[in-house]
Amino acid sequence: MIWITVVSLVLFSIVLASIIEGLFHQFILHTPQRKLFGGKLYAAFDKHALQHHPEYRAEDYHKVPTHHENPISLGPLMWPATMLFISPIAVPLFMWLGPVALTFPITVTLYYVMYEIVHWHMHFPRADGQPRWYHKYPPTKNLFDWFDKRHYAHHMIDDTNFNVVIPVYDLIIGHYTTDYTKLPWGIRRRKAKAQAKSERLRQEYAAKVGKE
Ligand SMILES: [Zn+2]
Ligand SMILES: [Zn+2]
């Protein structure tokens with residue numbers, strides 16, 4: 001029953017790719033890593049959080065293809081780096097299952113290709129203002145709109161939707177939303193915690209000042 005193995009591997013790969021995408025986006029692209037790998041990853045934060053985000057925010061979310069200031073691809077090193085990153089799982093899987101285990105790196109690669117294509121197409125609609133073929137009719141139109149709404153929200157509030165492709169990671173951590181005016185539960189909970197902490201510190205301070 002090779003197809004059961006293939007389907008299971010595809011599902012496993014999508015879940016894992018989504019988690020890797022989410023972690024990478026949250027902790028490398030949106031967190032200034034000045035020490036990790038001798039600060040080499042800081043450039044990725046600079047390019048994404050400091051350049052890509054403000055440049056493509058709100059009314060600047062869409063650009064004309066020939067007039068974009070910064071390339072939005074993650075660059076030529078991203079795919080080999082991803083393959084290296086998943087190799088501790090890919091190699092044992094290959095030794096265990098044989099060639100069918102190639103489904104894993106192939107699905108992760110397709111996931112990454114999907115990221116690059118969808119991200120580019122979301123920011124660069126056709127110069128003549130006409131919708132692209134997949135943006136004309138359902139179901140591809142609905143699918144693209146769903147990608148687009150989530151990424152637009154991410155450009156409005158950085159903390160939402162770390163997944164551009166499949167939002168498994170965002171659903172797990174409670175940062176998934178299709179509407180940036182409605183904060184998802186993970187962000188609401190963190191905000192409430194921060195507010196409670198500030199309130200506690202204020203009360204402690206007031207008590208201390210009162211005693212003196
Ligand atoms: Zn973007
Ligand atoms: Zn981002």
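Predicted model: local features only at pLDDT ≥ 70, side-chain atom pairs only at ≥ 80, totals over all residues.
At what angle do the axes of helix 3 and helix 4 cross? Residues are numbered from 1 along each chain as its sequence is written, and chains are lettered from A and ligands numbered from 1 in the order in which they are written.

The protein chain has seven helices and zero strands, where helices (H or I, at least four residues) and strands (E, at least two) are DSSP runs numbered from the N terminus. Of its 212 residues, 17% count as buried, a residue being buried if 20 or more other C-beta atoms, placed from the backbone, lie within 10 Å of its own.

The axes of helix 3 (residues 78-97) and helix 4 (residues 103-123) come within 10 Å and cross at roughly 155°, with axes being lines fitted to C-alpha atoms over the stretch in contact and angles running from 0 to 180 degrees between N-to-C directions. That makes helix 3 roughly antiparallel to helix 4, because angles over 145 degrees count as roughly antiparallel.

Helix 3 contributes Trp79, Thr82, Met83, Ile86, Ala90 and Leu93 to the contact, and helix 4 contributes Phe104, Pro105, Val108, Thr109 and Tyr112; two residues are in contact if their C-beta atoms, placed from the backbone, lie within 7 Å. These contact residues divide into nine nonpolar, two polar and no charged, where Ala, Val, Leu, Ile, Met, Phe, Trp, Tyr, Cys and Pro count as nonpolar, Asp, Glu, Lys and Arg as charged, and the others, Gly among them, as polar.

Technical notes
Parallel < 35°, antiparallel > 145°, perpendicular 65-115°, else oblique. Buried ≥ 20, exposed ≤ 12 C-beta atoms within 10 Å, placed from the backbone.
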